[in-house]
Amino acid sequence: MRRRAHRTHLAGLLVLAAIPWQRRGGQTASLAVTDDAQRVVRLAHPAQRIVSLSPAITELLFALGVGPRVVGRTTWCDYPDAAKRVPSVGDGLEPNIEAIVARRPDLVVLYQSPLDLRAAGELERLEIPALVLRQDRLMDLARDARLVGVLTRDSAGADSIARRIERIATAPAPALGVSLAYITWDNPPIVIGGESYLDELARLAGARNVFHDLRAASSVVSLETLAVRDPDVLVTLADSAVPHPAPPAFATGPAWQAIRAVRERRFVVLGGSLFGHPSPRADSAVAELGRLLRSAR
Amino acid sequence: MKWLGLGLVAALALLVAVALGPTHVPVAALATSDIVRSIRLPRGVLAFLVGGALGVSGAALQAIVRNPLADPFLLGLSGGAGLGAVVAIAAHASGALPVALAAFAGALIAMVLVYRIGLVGGAELDPRVLILGGVAVGAFSAAVTTAIVSLANAALLRNAMLWLWGGLGNASWSSVWLVCASLPLPLVTLFAAARPLDLLALGEEPAGYLGADVTRVRRQVYIAASLLTAVAVSVSGIIGFVGLIVPHAMRAVWGRTHRALFPAAFLGGGVLVTLADTLARVVVAPRELPVGIVTALVGVPTFALLMRQWTAR
């Protein structure tokens, strides 16, 4: 009995050993791209086990039809629903290398941030290919789609998604004639500036972000600046979609009454992942923002 | 003459705070501008009161522990307030009031803890125990604060860090009235203890011989100074170095008599925070810096200069 088990095991090993040889025979060339950190990422064969460290990339992978190959995600990746069934490797802000390696990935996709770059270096030392992608704007995401398409060997599908994203990003904006400020924190007041996806969304919806000129994704500003820039509507963000949002807590703060939009109670709450990052669903985000702004005006 | 000078500097600081801001308000319109009335003026006044409270608190704490390093930071009060605020922020208590109340509570809990550590050690408010207890409570608070912040998400982390570096962005007339209502009692208590504190500078035993009830004075002064810090921190976050450098700078001019030192430290602290907050609002406008960064950037070199003067003497 024991002997037979041993023999079966041996036979299995022989079969396994034969596979790489056969693969090599069918392989045309290695897949290689240059990522946003100017690193060359080379794969011997199309990625089969992908760990995504950002919600934007997870959503993109599912849109590209390679969702079943995603074997790791962050706690923030909640779209589409199928993504929630993928094991999480943590919040991804400071990538947990051990949790990532445990998923035995053949490709890890990271966000372009100092912590992620360091993680990419560590993964490289462990001979796990790591792709660092900027994903701050729609055009970044279109480019990301094409790079991922090369590494999953589905350039045609990726190109069609990329062109769809580019069409959304270059669509003419309606003339909404509304100005807004995104408020992400009240004490001290933090607003979203020009270097952000939310600023791009406002532009595409035909609205004007009164802090578009801030050369940062977000920044602390004084209430005085907010009062003087006088946005028509204040937009806040919620983690999840809220069906009947209440006005933000700061709306009752005495200091905030200097702001016209607070006095006139013009608030819009954006909920859920639809607004949080660039995605192939951006056209829905633009339409929804436009609708909310028109009803708040 | 020097009182007149300090008074003028204080008035000038408030004037500058009202006249300067991230947006341009013409001088002629200053008196009628909504921005000045509802944003700049309450913020300037609040900055002054907070600075004054921290200055006096620092002078009082330095006197009872008879240590030039003492300030609300060293005695663990700021750490406790920071922990309280971060707990409130992590619990998604939105709005300025819950965070302010939590910070106030945190400072008071730190005060009680330090006091209890002193009692356990068998020496109520012994200066060494106060400092060691303060450092311990401060370090413990900092560890718990860092644990919460590092387990929280990125947005919370930044919001908490901003609070920990101080800011007067949500100043309003109601916060000014709140502080105005809370300051008189601890200020009067401290002023009344000015003479015993002078005696305490001679040493505990001599002070006792000269009629000072050392333990009672220490207890009163410790509680009053902690209250001042708690009130200041709850409306402004943690503004460092004010409680440390202002008393030293004022002692250089007004000497060691607390009857003069307390009012001078109030005005001096007020001037420092008002000007620091004006810089915080203006230098990177329309963005804004945490005011604690400005007090550190301006305060530390000033302190170094003062130190050089003292050692040269």
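Predicted model: local features only at pLDDT ≥ 70, side-chain atom pairs only at ≥ 80, totals over all residues.

Residues are numbered from 1 along each chain as its sequence is written, and chains are lettered from A and ligands numbered from 1 in the order in which they are written.

Chain A contains 10 helices and 12 strands; helices (H or I, at least four residues) and strands (E, at least two) are DSSP runs, numbered from the N terminus. Of its 297 residues, 45% are buried, a residue being buried if 20 or more other C-beta atoms, placed from the backbone, lie within 10 Å of its own. Among contacts in chain A with a separation of 6 or more, 59% come from residues 24 or more positions apart; a contact requires C-beta atoms, placed from the backbone, within 7 Å.

Strand β8(A), residues 189-192, pairs with two strands, β7(A) and β10(A); pairing requires at least two DSSP bridges. With β7(A), residues 178-186, the sense is antiparallel over three bridges, and the two form a hairpin with two residues between them. Trp185(A) stands opposite Ile190(A). Three bridges also join β8(A) to the antiparallel β10(A), residues 218-220, where Ser218(A) is the bridge partner of Ile192(A). Both faces of β8(A) are covered: Pro189(A) and Val191(A) are buried on one side, Ile190(A) and Ile192(A) on the other.

In chain B, the axes of α4(B), residues 96-120, and α11(B), residues 214-236, come within 8 Å and cross at roughly 155 degrees. Axes are lines fitted to C-alpha atoms over the stretch in contact, with angles running from 0 to 180 degrees between N-to-C directions. The helices are therefore roughly antiparallel, the term for angles over 145 degrees. Their crossing is right-handed, meaning that the near helix is turned clockwise from the far one by less than a right angle. Residues in contact include Phe104(B) and Met111(B) of α4(B) and Thr229(B) and Val233(B) of α11(B). The contact has nine nonpolar, three polar and no charged residues (nonpolar: Ala, Val, Leu, Ile, Met, Phe, Trp, Tyr, Cys and Pro; charged: Asp, Glu, Lys and Arg; polar: the others, Gly among them).

Helices α12(B), residues 242-254, and α14(B), residues 291-312, have axes that come within 10 Å and cross at roughly 35 degrees. Their contact involves six nonpolar, four polar and no charged residues.

Note on methods:
Parallel < 35°, antiparallel > 145°, perpendicular 65-115°, else oblique. Contact = placed C-beta atoms within 7 Å. Buried ≥ 20, exposed ≤ 12 C-beta atoms within 10 Å, placed from the backbone.
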